[in-house]
Amino acid sequence: EAWATYVKPDDVVGIKINTLFGVGACTHPEVTAAVVQGCKAAGVPADRIIVWDMRDGHLQKSGYEVNRDRGVKCYGVNDDWEDEPVAIHTCQGRLAKVLTRTCTALINVPALKSHSGAGITLSMKNHYGSFDCPGKAHGDNCDPYIAHLNNLPPIKGKTRLIVCDALLPVAEGGPQAREQFTYEQKTIMAATDTVAIDYVALKLLDAQRAKMDLPSLETTGRAKHVLTAAEMGLGVADLAKIEVVEA
């Protein structure tokens, strides 16, 4: 019943994961599999579920099997981008056709990590795998590029749910895997507000960073895109206004 709140049997559900840097810095396949099962429990047929990211090679090195044929699909965008670019602040990027044309519903399943540019990568930064030239959108700590990207109709309008993989976050040195900064959070988070979940995750990451004698990502301004997105009206970045339910 819970899953049926977000996806319907006639949806084509796209599950956007994070696999660029491989094992140790990706969405765990076990988490993705649980999301797939949730969609099936809501009555979505297997052949209407697509697990995707930027490239086949990224998926394969992260423990996923590429499949474009039967049942649940799993594949990279590779070069299947829209012909016409859209404005992402001062950047012009072409969105993935699987996002713009194929999927009717989007479930965002990122992994919690620090990021050398954006401070934190989670639900909003995960969409840097949804357009063709993310390297052009890393200036000024990716701000306000990330907010503008997530305000685009195909992302904002199709996102039904965010499920955050915070089992083994990377507190520093990300988005690559860093053994010395990887720790056990043992947490899965879910939300419909992309800003709220990123802000709560930012607090989690900063709490761990304090234990490691690392500076706060929030107070140093490295993760300012989260607050920019809140200012744009994409969600809430105020713990007094966010209901956190622990189970």
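Reply: Let's start with a term: a pocket is an open set of grid points with protein on both sides within 12 Å along at least five of seven lines. Keep in mind that the model we are reading is predicted.

Me: Thanks! How much space lies in the second largest pocket?

Reply: About 260 Å³. Its lining has 19 residues, and those closest to the centre are Asn 18, Leu 20, Lys 125, Tyr 128 and Gly 129.

Me: How do the lining residues of that pocket divide by class?

Reply: For the second largest pocket, there are nine polar, six nonpolar and four charged residues in the lining.

Me: And what space lies in the largest pocket?

Reply: The largest pocket holds about 490 Å³. Again 19 residues form the lining, and Met 189, Ala 190, Glu 243, Val 244 and Val 245 are the closest to the centre of this pocket. Two elements each give two or more residues to that lining: strand 10, residues 187–191, and helix 7, residues 194–211.

Me: Which element gives the most to the lining of the largest pocket?

Reply: Strand 10 does, with five residues. By class, the lining of the largest pocket has 13 nonpolar, four charged and two polar residues.

Me: Helix 7 came up there. At what angle do helix 7 and helix 8 pack?

Reply: To read a packing angle, compare the N-to-C directions of the two axes. Helix 7 and helix 8 (residues 224–231) pack at about 150°, and their axes are 10 Å apart. An angle over 145 degrees counts as roughly antiparallel, so helix 7 is roughly antiparallel to helix 8. The crossing of the two helices is left-handed.

Me: Which residues make the contact between helix 7 and helix 8?

Reply: Helix 7 brings Val 195, Asp 198 and Tyr 199, while helix 8 brings Val 226, Leu 227, Ala 229 and Ala 230. Six residues of this contact are nonpolar, one is charged and none is polar.

Me: What is the peptide bond from Gly 174 to Pro 175, cis or trans?

Reply: That bond is cis, with omega near 15°. You will find Pro 175 in the loop between strand 9 (159–170) and strand 10.

Me: And is phi of Asp 140 positive or negative?

Reply: Positive: phi of Asp 140 is near 50°, in a residue other than glycine. Asp 140 lies in helix 4.

Key:
Residues numbered from 1 in each chain as written. Predicted model: local features only at pLDDT ≥ 70, side-chain atom pairs only at ≥ 80, totals over all residues. Heavy atoms only, no water. 1 Å grid on protein atoms, 1.4 Å probe; cavity = no way out; pocket = protein on both sides within 12 Å on 5 of 7 lines; lining within 4 Å. Points joined across faces, edges and corners; volume = space filled by probe spheres on them. Helix = DSSP H or I, 4+ residues; strand = E, 2+ residues; numbered from the N terminus. Nonpolar A, V, L, I, M, F, W, Y, C, P; charged D, E, K, R; others polar. Axes fitted to C-alpha atoms, helices over the stretch in contact; angles between N-to-C directions. Parallel < 35°, antiparallel > 145°, perpendicular 65-115°, else oblique. Left-handed = near helix turned anticlockwise from the far one by under 90°. Contact = heavy atoms within 4.5 Å.
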